[in-house]
Amino acid sequence: MAGFRSLARQVRDPRSDLALRRYSLRKCLERFAPYGHRATWDHLCTRHGIGPEDRSPDPARLMRALDELEAARTVWLGYEAGFAERRRREKHDGLRRPGAFDDWHRRTWGGHGVARCEDPAVHPSAPLAEVLSRLITALESDPGTACPVCAGTGIRWRQDLRCAPWSGPVCTGCGIVVPQPVLTPRALAKARSAPRQDLATVA
């Protein structure tokens, strides 16, 4: 099975037909899709003017979409390398049992769904690398009371999420499932007690 870098080379190959290059970009999302596969594809299509069902898109648009995806992947891989090094140090020091933060990180290893969007049509509009940088900053800081991506405070607890974990706090502004470790206990309690509202159509 081809890896991300091999698929990226196929997207860049001018000798391949556009349908194959588009297909390879979609396959890249099976290796790295911060919002989840469908939401990340919708994000890239929206930002770079690609028709979601266009089988022969403008190759320059495909390249810009790939560049954005690769930039975000570089940000995330850097974070994962630091995380792995921290865990090695902790194990060396006798801390073998991971905490709640590590449990969250285990589910997002590889960057797939790290800022998962419950509704594929509702996602942050900023570049993926910028969104991940904001999220990483929050993960490395003390818990807060707002969404780490859009700074919105409209966070609602959902019991009907489509993927594990099956419940959690969702930002009504940008649409991400907010990682619980970045929120204070009070913010989580507020999200649980707030009435459910529909997500915004555009972040």
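This briefing walks through one protein chain, topic by topic.

The model is predicted, so local features need pLDDT of at least 70 and side-chain atom pairs count only at pLDDT 80 or more, while totals for chains, interfaces and linings use all residues. Residues are numbered from 1 along each chain as its sequence is written, and side-chain values use heavy atoms, with hydrogens and water left out. The protein chain has seven helices and two strands.

**The overall picture**

- Helices here are DSSP runs of H or I with at least four residues, strands are runs of E with at least two, and both are numbered from the N terminus.
- Along the sequence, the pattern of the protein chain reads α-α-α-α-α-α-β-β-α.
- Of the 203 residues in the protein chain, 45% are buried. Buried means under 20% relative accessible area, exposed means over 50%, and partly exposed is in between (1.4 Å probe, protein chains only).
- Among contacts in the protein chain with a separation of 6 or more, 66% link residues 24 or more positions apart. A contact means heavy atoms within 4.5 Å.
- The protein chain has an accessible surface of about 10500 Å², and carbon and sulfur atoms hold 52% of that surface. Accessible areas come from the Shrake-Rupley method with a 1.4 Å probe, and for residues only the protein chains shown count as cover.

**Around helices H1 and H2**

- Serine 16 sits in the loop between helix H1 (4-12) and helix H2 (18-28).
- Serine 16 counts as buried because its relative accessibility is 18%.
- Leaving out residues up to four places away in sequence, serine 16 touches Gln10 and Arg21.
- Where H2 starts, a side-chain oxygen of aspartate 17 comes to within 3.0 Å of the backbone nitrogen of alanine 19.
- The buried residues in H2 include Arg21, Arg22, Ser24 and Leu25.

**Helix H3 and what follows**

- Helix H3 covers residues 37-48, and at 1.5 Å a residue its 12 residues should span 16 Å; the end C-alpha atoms are 17 Å apart, which agrees. The expected span is 1.5 Å times one less than the number of residues.
- Buried residues of H3 include Trp41, His43 and Cys45.

- Leucine 62 lies in helix H4 and counts as buried, with 0% relative accessibility.
- From C-alpha to C-alpha, leucine 62 and cysteine 45 are 8.9 Å apart in space, and they are 17 residues apart in sequence.
- Not counting residues up to four places away in sequence, leucine 62 touches Leu18, Arg21, Arg22, Leu25, Ile50 and Pro57.
- The whole structure has one aromatic pair. The ring centres of tryptophan 76 and tyrosine 79 are 4.8 Å apart with planes at 40 degrees, so this pair is tilted.
- Rings of Phe, Tyr and Trp (its six-membered ring) pair if their centres lie within 6.5 Å; planes under 30 degrees apart are stacked, over 60 edge-to-face, and the rest tilted.
- Tryptophan 76 and tyrosine 79 are about one helical turn apart because they are three residues apart in helix H4 (residues 59-92). Both tryptophan 76 and tyrosine 79 are buried.

**Cysteines without a bond**

- The structure has zero disulfides, a disulfide being a pair of cysteine sulfur atoms within 2.5 Å.
- For cysteine 117, the closest cysteine sulfur is that of cysteine 174, at 6.7 Å, which is too far for a bond.
- Cysteine 117 is buried at 2% relative accessibility, and cysteine 45 is buried with a relative accessible area of 4%.

- Arginine 116 belongs to the loop between helix H5 (100-107) and helix H6 (128-139), and is buried, with a relative accessible area of 11%.
- The side chain of arginine 116 reaches the backbone oxygen of cysteine 163 at 3.3 Å.
- Beyond its neighbours within four places in sequence, arginine 116 has contacts that include Pro34, Tyr35, Cys163 and Val177.
- Alanine 151 is in the loop between H6 and strand E1 (155-158), and counts as exposed at 56% relative accessibility.
- Although alanine 151 is not a glycine, its phi is positive, at about 65 degrees. Most residues other than glycine have a negative phi.

How values were computed. Polar contact = N/O pair within 3.5 Å; in protein donor to acceptor, adjacent residues only side chain to side chain.
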